[in-house]
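Me: I have a model open and would like a close look at a single part of it, with some context for the whole chain. Here is what I am looking at.

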Amino acid sequence: QVSWKLADHPTLPKGKTLALIVLDGWGEYKPDEYNCIHVAQTPTMDSLKQGAPEKWRLIRAHGKAVGLPTEDDMGNSEVGHNALGAGRIFAQGAKLVDIALASGKIYEGEGFNYISECFEKGTLHLIGLLSDGGVHSRLDQLQLLLKGASERGAKRIRVHILTDGRDVLDGSSVGFVETLESDLAKLRENGVDARIASGGGRMYVTMDRYENDWDVVKRGWDAQVRGEAPHKFTNAVEAVKKLRENANDQYLPPFVIVDENEKAVGPIEDGDAVVTFNFRADRMVMLAKALEHQDFDKFDRVKVPKIRYAGMLQYDGELKLPGHYLVSPPEIDRTSGEYLVHNGVRTFACSETVKFGHVTFFWNGNRSGYFNPEMEEYAEIPSDVGITFNVQPKMKALEIGEKARDAILSRKFDQVRVNIPNGDMVGHTGDIQATVVACKAADEAVKMIIDAIEQVGGIYVVTADHGNAEDMVKRNKSGQPLYDKSGKLQILTSHTCQPVPIAIGGPGLAAGVRFRNDVPDGGLANVAATVMNLHGYVAPNDYEPTLIEVVNN
Ligand code: 3PG
Ligand code: CO
């Protein structure tokens, strides 16, 4: 039985309106021409930085500080928002899958047992993101799974690949496909009929999120399940090389691999097993619904094979989706949102579609819906659909700012929480000029929200979930930009391992509140206790320590 009542903070008052602003993909890095945050005009964020060290500092947002396997793992929005919301560090999907594969437990669980019953007569299909990005999936995990499944009876395997170029360098897809092809060739030598069956770029095929654009999932469905796509190839490496002539890895059009009679080699059929091998939920949950829900109606599936489906993880604990999975997800319980609702803190959360689930679903420990609809309101601003965000780098930043402002001025909420996506979503396109525009727009949205906080005498907390826009090139160990063989600058579309800023302020911030200097390694998970303090409460004992202290002047 959880005791939800939080102790009163010894000195900090309750009832101040608090704005909690998460800048997505906004890290701190040395100022040079590839640091878009530095290049952009960001007067609001610059002025907050002036408050260092008492009102501004850096916190860790990657690696072990957010539950990832190693210090080389860049941060990402899932683990970042999980840590921000939950106030503790949980071993994340990437790590849990590593452990399950290393111990072999993955093959002993209910999920593997369930799908393996199809191995005798059916095909095992593996669908997911093909890269070593470690954000949604990892190639080495796929390799182990291929090996493990074939050793345990899978005789016919089809892999449906989604090319990356977003968590890894653009163009790296070719190498990943070559690696996979050589693994599959080895399996074939050992008598397993293993092949790539279909593919497409992650942003155009399958991996949409938060129901922004079901067409993305449909394109994948047609290729993976029906064996239909506008492009047909007999070889996946060739397919990717050819399609890259007109698109980058993220946006490759869907293709299917066909035999010499033009027949698709691996559509999903009755009696087959399907595994989606991404461990991260947001961009797999839509496909999971299409695979699992009988009454699915988001697009016409045309063909609905009777399959046994398992996710690498269960993607949504509340919806129990999918019902079968290979590895149990982290149990992120007792999140700050749930505590605050129990203690009477009325909450408003807002972002645009592409990041909406970040400040709700991820924030609340991968849980969809409200804890208490009477205490919470979540507002989603529809994202632009069918464009890459370098074309509209301002995205919906101002609309998010306005919604937050209105929520603050309404005085109906104690916490107004937003995610401002620009630095991240535009940073992922690798378009430096557009990312500069994006950062400026994000800064303007912050200003709008801080101005509203000034009006109501509230408090603001401004932070970020991980780095992205502050570094747009791949670098060597000493920080020099790297060029490829043809002398082209290697653009970094991915996140980074940089720390992120956190700033506190506003007229409602009690005198004497400042950042402590005895938590130098503080990270995103320390923010929840900090915010609870600013709402007038002491965080639960097992939360990571608060970043602030109150000194008597
Ligand atoms: C994506 O899904 O867009 C990227 O892989 C990671 O971005 P995010 O972690 O910022 O959502
Ligand atoms: Co991102």
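What percentage of the contacts in the chain with a separation of 6 or more comes from residues 24 or more positions apart? After that, please look closely at helix α7 (residues 173-189).

Reply: Happy to. This is a predicted model, in which local features need pLDDT of at least 70 and side-chain atom pairs count only at pLDDT 80 or more, while totals for chains, interfaces and linings use all residues. Residues are numbered from 1 along each chain as its sequence is written, and chains are lettered from A and ligands numbered from 1 in the order in which they are written.

To your question: residues 24 or more positions apart account for 79% of the contacts in the chain with a separation of 6 or more, a contact being two C-beta atoms, placed from the backbone, within 7 Å. The chain holds 16 helices and 17 strands; these are DSSP runs numbered from the N terminus, with helices (H or I) of at least four residues and strands (E) of at least two. Of its 553 residues, 58% count as buried, that is, with 20 or more other C-beta atoms within 10 Å of their own; exposed means 12 or fewer, partly exposed lies in between, and the C-beta atoms are placed from the backbone. The C-alpha trace spans about 80 × 60 × 40 Å along its principal axes.

Now to α7. Which residues of α7 are buried? They are Ser-173, Phe-176, Val-177, Leu-180 and Leu-184. These cover an arc of only 95° around the axis, which puts them on the same side of α7; the arc is that of the directions from the helix axis to the C-beta atoms. The spacing makes sense because an α-helix has 3.6 residues a turn, so residues three or four places apart point the same way.

Note on methods: Expected span 1.5 Å × (residues − 1).
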